[in-house]
Amino acid sequence: MEYDTAFKTISDLGRLLATREISSVELTHDYLRRIEQYDRRIGAYLAVTADLAVDQAECADRLLARGEGGPLTGIPMALKDILSTRGLPTTCGSRILEKYIPQYSATVVEKLERAGAVLLGKTNMDEFAMGSSNEHSAFRPVRNPWDFDRVPGGSSGGSAAAVSAGMAAFALGTDTGGSIRQPASLTGTVGLKPTYGRVSRYGLVAFASSLDQVGPITRSVRDAALVLQVIAGWDPRDSTTARADVPDYVAALDGGIRGLRLGLPIEYFGEGMSPGVEARIRSAVDAFRDLGATVEEISLPHTHYGISTYYVISPAEAMANLARYDGVRFGLSSAGCDIWETYANTRQAGFGREVKRRILLGAYALSAGYYDAYYLKAQKVRTLVKAELDRAFQRFDALLAPTSPTVAFKIGEKAGDPLQMYLSDVYTVPANMAGNTGLSVPAGLSEGLPVGLQILGRQLDEATVLRVGHAFEEATGYSADRPDLSAAAPA
Amino acid sequence: MAVSREVVEHVAALVHLGLDPSETEELARDLSSVLEHVAILQQVDTRDVSPTGHALEMRDVMRDDVVVPSWSPQEVLANAPRRNGDFFEVQGILD
Amino acid sequence: MTGVQGQGLEPVIGLEVHAQLLTRSKMFCGCSATYSGTPPNTHVCAVCSGMPGALPVINRAAVDMAVLAALALNCRIAEQSKFDRKNYSYPDLPKGYQISQYDMPIGIEGRLNFDLAGETRSCRLVRVHLEEDTGKLIHAAESGREYSLVDYNRSGVPLIEIVSEPDLRSPEEARRFFVELRRILMFIGVNDGNLQEGSLRADVNVSVRRPDGSFGTKVEIKNLNSFRSVQRALEYEIDRQRAVLGRGELLEQETRGWLEDEEVTVSQRTKEHAHDYRYFPEPDLPPLLLTGERVSALRESLAELPADREKRFIAEYGLRPQTASLLTDDRLLADYFEEAVSAAGPVDPSRVANWVTGDVLRVLHEIDAAPGGPQLPARSVGAIVSLVERGTISGAAGKTVLETVAATHESPDEVVRRLNLAQLVDPRALEELAESVLRENPRLVQAFAKNPRVLEALVGKAISASGSKASPALLRSIMEERLQRADVR
């Protein structure tokens, strides 16, 4: 019975819990055991909250015994360490917050708590969500469960690796330029970036305020719908949340996609995309046609400008959002002879190189004399990127694209060349720029490593995107692929 | 678009980021590389285009003028690096 | 003191005023907006202390008050307005940026008219915008170590910033401008006018204009917290600038502080951190759409502004300008006065004004009550004035009734009855009284021919004899007539 629960979906586990074949406490211990067994090698967790998890599991079991609770009751989860958890350290993968303990919890955390989910721990990430490989964590890199010499993607590398390796039934990540979708793609899991404003950012430590979104990383599309159902909704504490009603995402899954119009942006199939990835995507297109959807090419010329706009706007907002880390109210404080030295020393010691790069980039783009040429210009091009996507959605119900141009690359391969690293975000940033929703689903393996298919949807149309993803998953079964973790077993 | 070390130093001072000389050199190179790529934005015709600040079109999101309980000083100061009674303490400030 | 080059240089003055709004909660969170006298860090939450992950939410009342202020200052209200981040670091600024307004403020192109020695002057306003206040720093030192204590109770309190064009031409004009601005803001209920506590602060900028008409170097003087210091600081600074230029030296464009005790401005050599605020639109807050309807509704609620009300008091009630000004300093007082006038009936309103600005304010102050409160209702005041004017009671009795009503909450009529204050007005009784007093004081009666002031002494005796009940006015005319008849005899 020991590892029976590994790699099961929330739906599967929910059934086992409902029929009392297993208790949440037993389930939680299974996950804690797997974390013990594999995470020393993988590094997905920054903190494991074993005692709390067992307490929560006991509560969940009591609810389940009374026949109460919902789909997430008693299900063990992990949270990216950028989400504020009251009384528990929230480091954002940074030395500057290494000992920071929030006195409040994020809205999404409270929602999951109320839904009865069990918290296994906080996951590793690129520092302040800035990165695409989880090599920029101040503490240790995360390894891809499919190949420990390779990156899991970032910045939600820890969350993705945990779910991929069966060390959590689901996790929350955050996506600012692809940080849920890309690690999901590289680790063979499902990752959803909701529409900007669909999920509350209250309590999410901010990186780029106009781009950040919280979303689920799961083992199936149905699971993503289950989690989204709980975390979505208007929040009076977040002025950027949408007032729109939250539909029944799970009910919407099984509609089938016959007659649905799917678009294929041709600019995404340029140089930089590996042949193996292209082959999986083309194969996916065939699968969709077999399912009765139409797939047509569309040109999105402004795709070329996505990275440039993203790498002006996000660092600018980050510069401001990270100004509060100054050694006065919380976090690391490296005293100097006066306040100015304290600021400078604290931030020099507390921030990693990538964070420093982006803060400087942002400050440059906003500084006197450069604002018009950089920040304002980028926001204008952003309008064009958004308009182009909106036009595409007049013709199509969803767009298909690769999530990442390559499969997981080796640790250290791109870390020395920031621009190369940034360019790998090319397929994911448009959705953040425009505020649209995007899902990455497993689309098979290339050279033994997962490839993700990206499905982009209209603003607030997660239901369609999930339906398309679900149909693909049911037809292909790729989401059931799992890594061979025997190499990670302790000596 | 080459960024000199002087520029990096100036910008670093703006954001109160201490840097040692080798960091400054490397960052100057990194920034130059990125800004060179970013320069392609200048090719785009944005003459009649207004900037997008918010992805979702929303207006007038406000709350009523109601007082709600505040945090206790204990909570506010829970992570204070330097605390003096119920105040935060910082080194002397010039001016 | 000023050399040839310093003479004849005209001052050019502008004001930048920060006014805290009288909302209950803060600008972007639900913490209480009161902070003076509160224990440190007790009105603070994640939002106003800049904790990671916290987000701002706009206070509707703050926006309304800002619009009211902009309307009262004759501004054009922007149809679309938004917030921006103003980026700089200081320990009293928890997020490392202030949420303010940069290029799309709530109000622009306004005007403030004010009175200076009987003339109306006018000063244009550049803008009115909303922003959040910073926390408070208390500087301290202990055995050579300097440090500061930070309290975030004030952090996030809503402020409006009002910027004038440099249209003011003298320190006195600047002072009068500031006085009128304060009156308006208090009148419309958006600010409490408390300069000492800092809920209203002024920075001034001043240069002296060269003969060719171009502006000289501008110097800013920050944080002046009284009308007097605004005027004095400007007087000093203008002299200083003229002297510097008079010596043929150059003026530095800088920020200076006013030292109240020494009465001088001094250079504030701030750290050489470039003030590049790197403004950009606040991504956490959707923009404001100030619709015509909403603005109209606010404009209607604005009613009459103090200057207009003052003019009306002079025209309609025949009040002296000084009295009208005093009564319109405070909206509650102005309302109170008008209600008393109305209750007094056919009485000259300036009589009511005398009572209100005199004994009524005194009594209110003694019992620590505000005009309009339950302690001394306006209609009671009106009734008392009416009783006095009709002669039913004497002026002195009127004061007694006033004080008694304030203490016991009885109606004026009840008090008059209970204390038996009704004056003696019966003509026959008064004549008898007059004659008896005249009989008893033959020498005074004799003296009247040479010294008419004797009348007052006789009237005084008669009033005493009546137990202060006789109507002095009636008594006087009766006695005067008798004395003149005796005179003729």
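Two residues are taken to be in contact if their C-beta atoms, placed from the backbone, lie within 7 Å, and by that criterion the contact between the two chains takes 31 residues from chain B and 40 residues from chain C. This is a predicted model, in which local features need pLDDT of at least 70 and side-chain atom pairs count only at pLDDT 80 or more, while totals for chains, interfaces and linings use all residues. Residues are numbered from 1 along each chain as its sequence is written, and chains are lettered from A and ligands numbered from 1 in the order in which they are written.

**The side of chain B that touches chain C**

- Helices (H or I, at least four residues) and strands (E, at least two) are DSSP runs, numbered from the N terminus, and β1 (62-63), α3 and β3 (87-91) of chain B each supply at least two residues of the side that touches chain C.
- β3(B) gives the most to this side, with 5 residues.
- By class, this side of chain B has 16 nonpolar, 7 polar and 8 charged residues, where Ala, Val, Leu, Ile, Met, Phe, Trp, Tyr, Cys and Pro count as nonpolar, Asp, Glu, Lys and Arg as charged, and the others, Gly among them, as polar.

**Strands that pair across the chains**

- Two strands pair if DSSP finds at least two bridges between them, and β3(B) pairs with strand β10 (residues 145-151) of chain C in the antiparallel sense over 4 bridges, with Leu149(C) as the bridge partner of Glu89(B).
- β1(B) is joined by 2 bridges to strand β2 (residues 58-59) of chain C, and these strands run parallel; here the bridge partner of Met62(B) is Ile58(C).
- An open sheet of 4 strands runs in the order β2(B)-β3(B)-β10(C)-β9(C), with antiparallel pairing.
- β2 (83-84) of chain B and β9 of chain C stand at the edges of that sheet, each with a single partner strand, so one side of each is left without a neighbour in the sheet.

**The hairpin of chain C**

- Strand β9 (residues 136-142) of chain C is joined to β10(C) by 7 bridges, and the two run antiparallel; one of the bridged pairs is Ala141(C) with Glu146(C).
- β9(C) and β10(C) form a hairpin with 2 residues between them, and Ser143(C) in the turn has a positive phi of about 40°.

**Chain C as a whole**

- Chain C has 15 helices and 17 strands.
- The radius of gyration of chain C, taken over C-alpha atoms, is 30 Å, well over the 23 Å that the globule rule (2.2 Å times the number of residues to the power 0.38) gives for 489 residues, so chain C is more spread out than a compact globule.
- Chain C is divided into domain 1 (4-289), domain 2 (304-418) and domain 3 (427-488), with bounds that come from an automatic or database domain assignment.
- The centres of domain 2 and domain 3 of chain C, taken over C-alpha atoms, are separated by 33 Å.
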